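Here is a friendly walk through a two-chain model. Please keep the viewer open as you read.

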Amino acid sequence: MGEELPADLIPSLEAKALEIRRDVIRMTYWAGSGHPGGSLSVTDLLTALVFHELRIDPQRPDAPDRDRLVLSKGHAAPALYAALALRGFLPREELRTLRKLGSRLQGHVDRGKLPAIEAATGCLGQGVGMAVGMALDARLAGRTNRVYAVLGDGECQAGPTWEALMAGGHYKLENLVVLLDRNGYETDGSTEAILGIEPIADKFRAFRFHTIEIDGHDFRQILHALETARATASGPTAIVARTVKGKGVSFMENTHVWHGKAPSKAEAERALIELGIPDTQVAL
Amino acid sequence: MTEPRKPESLRDAYGKALVEIGERDPHVVVFDADLSGSTRTMLFGQKFPTRFFNVGVMEPTMMSMAAGMSLGGRAVFASTFAVFAAGQAYNFVRQSICYNHANVKVVATHGGLLVGGDGGTHQMVEDLGLMRGLPGMTVIVPADAPTTRAATFAVHERDGPAYVRLTRENLPTVTDGSFAIGKAAELRAGGDLTIVAVGALVARALEVAEELAQVGISTRVLDLASVKPFDEPALLRAARDTGAILVLEEHSVLTGVGALVASTTSENYPVPVRRVGVPDVFGESGDPWALLDRYGMSKERIRDEAWELLKLRGKAT
């Protein structure tokens with residue numbers, strides 16, 4: 001790694017990720033629907049982005065030179081909302097309104113409703129394309145901001161994802177980073193059983209992305225990969241982050257069952273206990 | 001079929017207007033998907049190569065890229081054939097552009113049957129229904145080159161998404177180019193019958209109106225180039241004044257302008273409405289103008305429908 005990280009950085013990020021995971025469980029329970037599995041798998045990536053990597057400021061959410069984050073896997077909205085709330089972009093009590101009528105917290109992220117949501121996503125295969133457009137815009141305008149697209153692995157079965165990656169490689173967008181939350185599962189089961197996407201890192205390389213494979217739950221590796229991406233001037237970077245679907249909640253891990261299902265009260269409380277909430281404070 | 005007035009290219013008018021816009025708006029960007037010679041965006045690309053992106057055959061992602069490009073504050077044009085813009089890329093126009101209220105102008109050429117030889121795969125007759133149904137979308141169908149030019153400027157000046165449908169064939173000039181979004185152009189005054197038309201069929205509407213005038217029937221002709229928002233007052237005035245409306249469109253009668261006129265009058269001022277357009281079928285290869293005749297939009301058919309309406313109103317026997 002180029003420079004030493006502050007000693008407290010990684011423990012601090014880990015603590016924030018734990019808070020976000022707890023919020024994901026609470027929010028999907030309160031909402032009665034949502035996508036906990038893919039929210040828990042992407043939490044560490046989003047934590048690293050929102051609390052360390054992105055140049056974003058809750059006081060200046062529209063600053064033209066802010067970095068852009070496009071959550072292409074828009075169903076992981078609970079994790080992003082929780083991260084943005086913790087970062088000061090919205091009141092944390094508003095997390096209770098996820099998926100409720102009139103809420104700014106739509107089931108899939110909705111640009112214009114909340115600061116720091118740069119693009120509406122949810123219908124898959126569109127986020128990287130929008131990120132490529134944003135990166136081209138920044139280059140054309142001479143802005144130094146960077147663009148980060150967070151991609152799901154089921155979305156790698158969608159042709160337009162590859163159209164967009166082909167464009168990112170063609171235009172040598174050094175200001176673009178695509179992070180793949182490679183948790184191995186989509187709605188109906190494992191990606192490799194349904195329509196295999198491996199060897200996924202080779203595919204990114206073939207599309208002219210500088211490609212880094214990491215453990216997507218190891219902050220040291222995540223930060224190092226992001227730093228490497230920033231230092232890569234020749235073109236775009238893909239970070240293939242191997243993650244665990246449902247990470248942090250034993251009964252949600254490594255299964256597709258919790259892709260799009262909310263926990264019951266008992267399940268949510270069990271999950272929160274696993275996430276370190278004391279028995280006495282767990283009641284929802 | 002002989003066209004009475006000098007036909008001009010709508011696509012050329014679009015390409016030239018884009019160049020003018022490029023000169024006065026240094027931020028405007030244009031996308032195309034490997035059809036820049038046909039759509040004429042190449043004219044812009046030659047003049048402003050750094051602001052022109054030919055992304056190859058990937059219409060869906062072109063729409064997402066155009067949306068992403070616009071969200072930083074630019075006006076962006078994206079062009080390809082109508083079947084790709086509204087069909088292939090539909091959900092990308094829907095989510096990336098319209099849902100984000102992105103400032104992207106989708107200018108689609110080769111709308112309708114007048115594509116001719118390429119055949120039914122490429123003859124887009126459902127696009128107006130698809131695009132009109134998108135919340136926040138402005139939809140324009142110019143009838144001639146001057147309206148194309150004016151509409152290109154108009155959508156550039158209006159913030160938000162727009163869909164402009166152009167015809168491949170050259171079309172005679174029928175307007176004075178004084179197009180405005182939301183306004184219908186009354187091209188001919190009349191009190192016995194109204195013909196509402198869009199695109200290539202506006203010229204046929206005027207020809208039939210002229211023929212009817214020879215036998216003493218006075219026909220009002222409205223060019224409804226601004227399909228959304230559309231000029232509801234002008235349409236209802238026509239319903240009140242003439243009591244019958246014939247609609248002409250080179251589009252499926254199920255979801256196009258005829259459906260719009262019928263539902264609007266039905267709710268506000270019911271009068272007999274008849275729709276001339278493409279029935280519920282795909283097209284086929286053929287001479288462009290012969291296709292219009294073959295698929296129910298011949299001048300004879302238009303005339304017959306006009307007489308049917310006049311009979312219904314007791315103005316003919």
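## Chain B as a whole

Of the 317 residues in chain B, 59% are buried; a residue counts as buried if 20 or more other C-beta atoms, placed from the backbone, lie within 10 Å of its own, as exposed if 12 or fewer do, and as partly exposed in between. This is a predicted model, in which local features need pLDDT of at least 70 and side-chain atom pairs count only at pLDDT 80 or more, while totals for chains, interfaces and linings use all residues. Residues are numbered from 1 along each chain as its sequence is written, with chains lettered from A and ligands numbered from 1 in the order in which they are written.

Chain B holds 13 helices and 14 strands; helices (H or I, at least four residues) and strands (E, at least two) are DSSP runs, numbered from the N terminus. A compact globule of 317 residues would have a radius of gyration near 20 Å, and the 19 Å of chain B agrees with that. This radius is taken over C-alpha atoms, and the globule rule is 2.2 Å times the number of residues to the power 0.38. Along the principal axes, the C-alpha atoms of chain B fill a box of roughly 65 × 40 × 35 Å. Among contacts in chain B between residues at least 6 apart in sequence, 77% join residues at least 24 apart; a contact means that the C-beta atoms of two residues, placed from the backbone, lie within 7 Å.

## The seven-stranded sheet of chain B

In chain B, seven strands make an open sheet with mixed pairing, in the order 3-2-4-5-7-6-12. Strand 3 (52–54) and strand 12 (226–228) of chain B are at the edges with a single partner strand each, so one side of each has no neighbour in the sheet. Direction ignored, neighbouring strands of this sheet are turned by 20 degrees against each other on average.

Strand 2 (residues 29–32) and strand 4 (residues 76–81) of chain B pair in the parallel sense over four bridges; two strands pair if DSSP finds at least two bridges between them. Follow B:Val30 across to strand 4 of chain B and you reach its bridge partner, B:Phe77.

## The five-stranded sheet of chain B

Another open sheet of chain B has five strands in the order 9-11-10-13-14, again with mixed pairing. Here strand 9 (185–188) and strand 14 (273–278) of chain B stand at the edges, each with a single partner strand, so one side of each is left without a neighbour in the sheet. From one strand to the next, the twist averages 25 degrees.

Four bridges link strand 10 (residues 193–197) and strand 13 (residues 245–252) of chain B in the parallel sense, and B:Ala197 has B:Leu248 of strand 13 as its bridge partner. Helix 10 (residues 232–242) of chain B packs on the sheet, where it touches strand 10, strand 11 (219–223) and strand 13, and its direction makes about 170 degrees with that of strand 11. Helix 11 (residues 257–268) of chain B also packs on the sheet, touching strand 10, strand 13 and strand 14, at about 145 degrees to the direction of strand 13.

## A helix pair and the chain contact

Where do helix 4 (residues 59–70) and helix 6 (residues 90–99) of chain B stand relative to each other? Their axes are 9 Å apart, at an angle of about 10 degrees; axes are lines fitted to C-alpha atoms, for helices over the stretch in contact, and angles run from 0 to 180 degrees between N-to-C directions. The two helices of chain B are therefore roughly parallel, a term for angles under 35 degrees, with over 145 as roughly antiparallel, 65 to 115 as roughly perpendicular and the rest as oblique. Helix 4 of chain B contributes B:Pro60, B:Met63, B:Ser64 and B:Ala67 to the contact, and helix 6 of chain B contributes B:Phe92, B:Val93, B:Ser96 and B:Ile97.

Between the chains, the contact takes 21 residues from chain B and 21 residues from chain A. Helix 4 of chain B gives the most to the side of chain B that touches chain A, with eight residues.

## Chain A

Chain A has nine helices and seven strands, and 53% of its 284 residues count as buried. All seven residues of strand 3 (residues 176–182) of chain A are buried. Six bridges join strand 2 (residues 147–152) of chain A to strand 3 of chain A, and these strands run parallel. A:Ala149 has A:Val178 of strand 3 as its bridge partner.
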